[in-house]
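The sequence and structure are shown below.

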Amino acid sequence: MSKFFITEYELVPGGTAYIVGDDARHIKKSLRVKKDDIIKVCDGKGNDYSARVEKLENDAVLVEVAERIDQNGEPKLKVNLFMAVTKGEGFEYAIQKCVEAGAASIQPLITEHTVISIAETKLDKRVERWNKISESAAKQSGRSAIPLVSYPLTMAEALKKPKGAEPSIICYVKEGTLGLKQLLTENPGADTLNVFIGPEGGFSPAEWEIAKRAGLQSVSLGKRILKAETAGFFVTLAAMYEYGELGVKD
């Protein structure tokens, strides 16, 4: 059953809502859905519902929300990624793959070694594009929530966001004592993991020091050096595997 996000309305069983834009056109032209057909809708916050098609209009589809569906595509583990912005299309690729892997949120970082600058006048459009990529990846992968991609922060600003009780790590290429698997196995009951990923040149020693003082654990990702664009996906997938999120559907 196809799933469609409806984020403009509060979805309530018995209520109605409109599906508009590309999704509405896809429903009518590609799927050839008819009146009274049942589709799945989602509020983008983790809640799925079955819905009956009431009316097919020119640029919209009116549906009546039926019942909430308990089973959804959201992992129990919330992986919040703090990723340095990279140049070209690499950061967009990273957003797409991290959302597919199950990341809960993405916080872009501006670090000492960040080689890209975003003009203030273009920032709103860039963040809007990042969130559209997140939404598209969430749809493709059957997610029930759309991970938020926030406005970029400096390292010092971002370090204020994680809470003390949550495992928070910084992936540092020079770390030689604590590996990712060890960190994950030592925190079996965690429901949230905060992960800081550096740019092409990695975090600077000064950034690593302030991260350690803020309570982050410095973690190695193994013997091989990963590209900045793939490190977030690598950590998210490893965490999902370790916490049993890659098994069969419940």
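Which residue in S3 does Phe5 stand opposite? Phe5 stands opposite Cys42. The model is a predicted one, in which local features need pLDDT of at least 70 and side-chain atom pairs count only at pLDDT 80 or more, whereas totals for chains, interfaces and linings use all residues. Residues are numbered from 1 along each chain as its sequence is written, and side-chain values use heavy atoms, with hydrogens and water left out.

**The sheet**

Helices (H or I, at least four residues) and strands (E, at least two) are DSSP runs numbered from the N terminus; two strands pair if DSSP finds at least two bridges between them. On this basis, five strands form an open sheet of mixed pairing, in the order S1-S3-S4-S5-S2. S1 and strand S2 (16-20) are the edge strands, each pairing on one side only. Neighbouring strands of this sheet are turned by 45° against each other on average, direction ignored. For such angles, axes are lines fitted to C-alpha atoms, for helices over the stretch in contact, and values run from 0 to 180 degrees between N-to-C directions.

Strand S3 (residues 38-42) is mostly covered, with four of its five residues buried (under 20% relative accessible area, 1.4 Å probe, protein chains only). The pairings of S3 are as follows.

| Strands | Sense | Bridges |
|---|---|---|
| S1 (residues 3-5) and S3 | parallel | three |
| S3 and S4 (residues 48-56) | antiparallel | five |

Within S4, Tyr49 is the bridge partner of Val41, and Ala51 is that of Ile39. The hairpin of S3 and S4 has five residues between the strands, and Gly44 there takes a positive phi near 80°.

Gly44 is also touched by Thr7, as are Asp43 and Ile146, not counting residues up to four places away in sequence; contact means heavy atoms within 4.5 Å. Thr7 itself is placed in the loop between S1 and S2. Its C-alpha atom is separated by 9.5 Å from that of Ile19, twelve residues apart along the chain.

Helix H1 (residues 21-30) lies across S1, S2, S3, S4 and strand S5 (60-69), and runs at about 90° to S2.

**Cavity and pocket**

On a 1 Å grid over the protein atoms alone, a cavity is a set of points where a 1.4 Å probe fits but cannot get out, and a pocket is an open set with protein on both sides within 12 Å along at least five of seven lines; lining residues have an atom within 4 Å of a point.

A search of the whole structure finds one cavity of 30 Å³ or more. The largest cavity holds about 40 Å³ of space. Strand S6 (78-84), helix H2 (90-101) and helix H7 (228-242) each supply at least two residues of its lining, and H2 gives the largest share, three residues. Residues lining the largest cavity include Met83, Phe91, Ile197 and Glu229.

The second largest pocket has a volume of about 440 Å³. Its lining comprises 24 residues, of which Cys171, Tyr172, Val173, Ile225 and Leu226 lie nearest the centre.

Methods: Buried < 20%, exposed > 50% of the residue type's maximum accessible area, 1.4 Å probe, protein only. Points joined across faces, edges and corners; volume = space filled by probe spheres on them.
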